[in-house]
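Reader: Could you walk me through this structure slowly, please? I am new to this and would like to ask as we go.

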Amino acid sequence: GLPVVSTQESNEYRDLIVSYNCGITCGVDDYREVAHALEKILSDRELRIKMSRNSRVLAEERFDRAVTYQKLVVSIEEAIRK
């Protein structure tokens, strides 16, 4: 996992970055904000390590297909039973 510096406009993804504390979100058109975020992460080793670990957890919990597909199957099966 690596810390994320994101300019995504997706509120869902922005919320994930905040809730997992795995990076910094920036305005899409604000290169100064992106530069500041990079400087912050690069200058703070403990923050970088923490965000890196959290980014890995996010990837494993939310984007690992072996995990997410199984959750999707369970959700579909529950919906069918109702």
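Author: A disulfide is taken here as a pair of cysteine sulfur atoms within 2.5 Å. The model is predicted, so local features need pLDDT of at least 70 and side-chain atom pairs count only at pLDDT 80 or more, while totals for chains, interfaces and linings use all residues. Residues are numbered from 1 along each chain as its sequence is written, and side-chain values use heavy atoms, with hydrogens and water left out.

Reader: ok, how many disulfides does that rule give?

Author: The count by this rule comes to zero disulfides.

Reader: And is C22 buried or exposed?

Author: C22 counts as buried, at 0% relative accessibility, and C26 is buried as well, with a relative accessible area of 1%. Buried means under 20% relative accessible area, exposed means over 50%, and partly exposed lies in between (1.4 Å probe, protein chains only).

Reader: Switching topic, what is the phi of N21?

Author: N21 has a positive phi of about 50°, although N21 is not a glycine. This residue sits in the loop between α1 (11-20) and β2 (23-25), where helices (H or I, at least four residues) and strands (E, at least two) are DSSP runs numbered from the N terminus.

Reader: Is N21 buried or partly exposed?

Author: N21 is partly exposed, its relative accessible area being 27%.

Reader: and where is E33?

Author: E33 belongs to helix α2, which covers residues 31-43, and E33 is partly exposed at a relative accessible area of 32%.
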